[in-house]
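Open the structure in your viewer and keep the selection panel at hand. The stops below go from one selection to the next.

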Amino acid sequence: MMFTKLYAATWGDVGKAKEKGFFDFDLFSWMAWTWQTATFFIFIALCITVMLIWEKKDPGGSPRKGILGLDTTRGDRLFISLLGSAFIHLAWLGLVGSVLWIASIICVAYFIVVFKYV
Amino acid sequence: MNKTINQKAWYFVIPVFVLVAFNAAIPLMTVVNYSFQETFGNNVFAWEGTRWFKQILLSERFHAALGRQIAFTFIILLIQIPLGIAIALTMPKKGLGVPVCLILMSMPLLIPWNVVGAMWNIFALPDIGFLGHTLNSMGFDYNFTQQPGDAWFTTILMDVWHWTSLVVLLSYAGLNSIQPAYYQAAEIDGASRWATFRYIELPKMKKVLTLAILLRFMDSFMIYTEPFVLTGGGPGNTTAFLSIDLVKMALGQFDLGPAAAMSLIYFFIVLLVCWVFYNLMMKNEAKS
């Protein structure tokens, strides 16, 4: 049988084999989920859901020419915000290194600026 | 006009959705999960927080690989784009020459990437390869397996040989779509060859050239197979571009956490550049 010997996902259980059949295949331990990364993806999913609801309520995506001189819709603005946030966090990690939540606060401000002006 | 509303058609999208989930979204999620953890295999993971990201961002190895990657991409764009345009301008516009040129030009594009690498490896060997042997017998001290400069020269030459055709074919298509009226007007005005190129051909080729630059940027920024077969990233680490370095880290050293963090940073850079190019293309589109 494939996947009959899977190992539990905590340090305490290292090396203790668990008997598992093919249909017991555990997607979540296979993908190495943690609550932190799960929260992140739930946040992304929520963003997309909110965008969907927003689009239903106010169709058309409110296109405009923002301060960057780009024609953007709501979706573009979300993309710019998320990609920018990734770079803000990376820059903070590389340049400052600790107290990462300050970078997150900067990102919230960045989100607001992008959605208002870009 | 009344459009039939049939939202059920959306169900046809489900197979694509599942396919994309399994070949893009789920692997990407797994990479994100790995990038925050340490593992020694056996599906056992330990939380490490942002340690790997910090390590990669501050590591000289990553800076060096990124620097080499940017230099490589910049050099090949600088060579391939002007060379491609120049070749496209000299290609015949009608007659038997057209199919001959087009077939000759598309040949290198049809060769599998690792075959290109192997071909150039043999071609450039200093003792028995045609290129290597010729250069050495002409008095150059050429050995791409030992001298970094020669390794770079060979890698760039190989990439130019492999991919300039793409720029040529795109530029040629762009040139052919220009109406003869423009050339006639230029002739009546007594425009020089350079002026015709600068004010008619180049602006008309802008769209395809943006596309060519984007394609060449992406391909060269993610290049792996050809330098892997040609130099294996050597001598030392001198031609270890980002992908080669990434694979060394992930599979050679089994450092899955740092490799995952590095691939995410790599992915963000690619995403940013693509976004910039996409906007440039859309701007061109809007203008024309």
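In which loop of chain A is A:Ala32 found? Select A:Ala32: its place is the loop between α1 (27-30) and α2 (35-57) of chain A. Bear in mind throughout that this is a predicted model.

**Stop 1: A:Ala32 and its surroundings**

Is A:Ala32 buried or exposed? A:Ala32 counts as buried because it has 22 C-beta neighbours inside 10 Å, and the cut-off for a buried residue is 20 or more. Now show chain B around it. Leaving aside residues up to four places away in sequence, A:Ala32 touches B:Thr30, B:Asn33, B:Tyr34, B:Gln37 and B:Phe45.

**Stop 2: chain A as a whole**

Select chain A and colour it by element. Four helices and four strands make up its elements, and their order from the N terminus is β-β-α-α-β-β-α-α. Chain A has 118 residues, of which 9% are buried. Take the contacts in chain A between residues at least 6 apart in sequence: 33% of them join residues at least 24 apart.

Then colour chain A by confidence. Its mean pLDDT is 81, with 75% of the residues at 70 or more. Which element of chain A has the lowest mean pLDDT, and which the highest? The lowest mean, 49, belongs to strand β1 (residues 5-7) of chain A, and the highest, 93, to helix α3 (residues 74-95) of chain A. Residues 1-6 of chain A have a pLDDT below 50, and this stretch has 14 contacts in the model beyond near neighbours in sequence.

**Stop 3: A:Val99**

Select A:Val99, in the loop between α3 and α4 (101-117) of chain A. Its phi is positive, about 50°, although A:Val99 is not a glycine. A:Val99 counts as exposed, because it has 9 C-beta neighbours inside 10 Å.

**Stop 4: where the two chains touch**

Show both chains together. The model has an ipTM of 0.81 and a pTM of 0.83.

**Stop 5: chain B and its confidence**

The mean pLDDT of chain B is 90, and 99% of its residues reach 70 or more. Within chain B, β2(B) has the lowest confidence, with a mean of 85, and helix α3 (residues 60-90) of chain B has the highest, at 94.

**Stop 6**

Two packed helices are described by the angle between their axes and the distance between the axes.

For one pair, select α3(B) and helix α10 (residues 206-221) of chain B. Their axes come within 10 Å and cross at roughly 145°, and the crossing is right-handed. Among the contact residues are B:Phe72, B:Ile76 and B:Gln80 of α3(B), with B:Ile213, B:Arg216 and B:Phe217 of α10(B). In all, this contact has eight nonpolar, five polar and one charged residues.

For another pair, select helix α4 (residues 97-110) of chain B and helix α7 (residues 148-176) of chain B. The axes come within 8 Å and cross at roughly 130°, which means that α4(B) is oblique to α7(B). This crossing is left-handed. The residues in contact include B:Met105 and B:Leu109 of α4(B), and B:Trp161, B:Ser165 and B:Leu169 of α7(B). The contact of α4(B) with α7(B) has seven nonpolar, three polar and no charged residues.

**Stop 6: a helix and a loop in chain B**

Select helix α8 (residues 180-188) of chain B. How many of its nine residues are buried? The count is zero, and the helix is hardly covered. After α8(B) comes B:Gly190, with a positive phi near 70°.

Finish at B:Phe254, in the loop between α12 (242-252) and α13 (256-287) of chain B. B:Phe254 has a positive phi, near 55°, in a residue other than glycine. With 11 C-beta neighbours inside 10 Å, B:Phe254 counts as exposed.

Notes. Residues are numbered from 1 along each chain as its sequence is written. Chains are lettered from A and ligands numbered from 1 in the order in which they are written. This is a predicted model: local features need pLDDT of at least 70, side-chain atom pairs count only at pLDDT 80 or more; totals for chains, interfaces and linings use all residues. pLDDT is the predictor's confidence in each residue, from 0 to 100. Helices (H or I, at least four residues) and strands (E, at least two) are DSSP runs, numbered from the N terminus. Two residues are in contact if their C-beta atoms, placed from the backbone, lie within 7 Å. Axes are lines fitted to C-alpha atoms, for helices over the stretch in contact, and angles run from 0 to 180 degrees between N-to-C directions. Angles under 35 degrees count as roughly parallel, over 145 as roughly antiparallel, 65 to 115 as roughly perpendicular and the rest as oblique. A crossing is left-handed if the near helix is turned anticlockwise from the far one by less than a right angle, and right-handed if clockwise. Ala, Val, Leu, Ile, Met, Phe, Trp, Tyr, Cys and Pro count as nonpolar, Asp, Glu, Lys and Arg as charged, and the others, Gly among them, as polar. A residue is buried if 20 or more other C-beta atoms lie within 10 Å of its own, exposed if 12 or fewer, and partly exposed in between; C-beta atoms are placed from the backbone.
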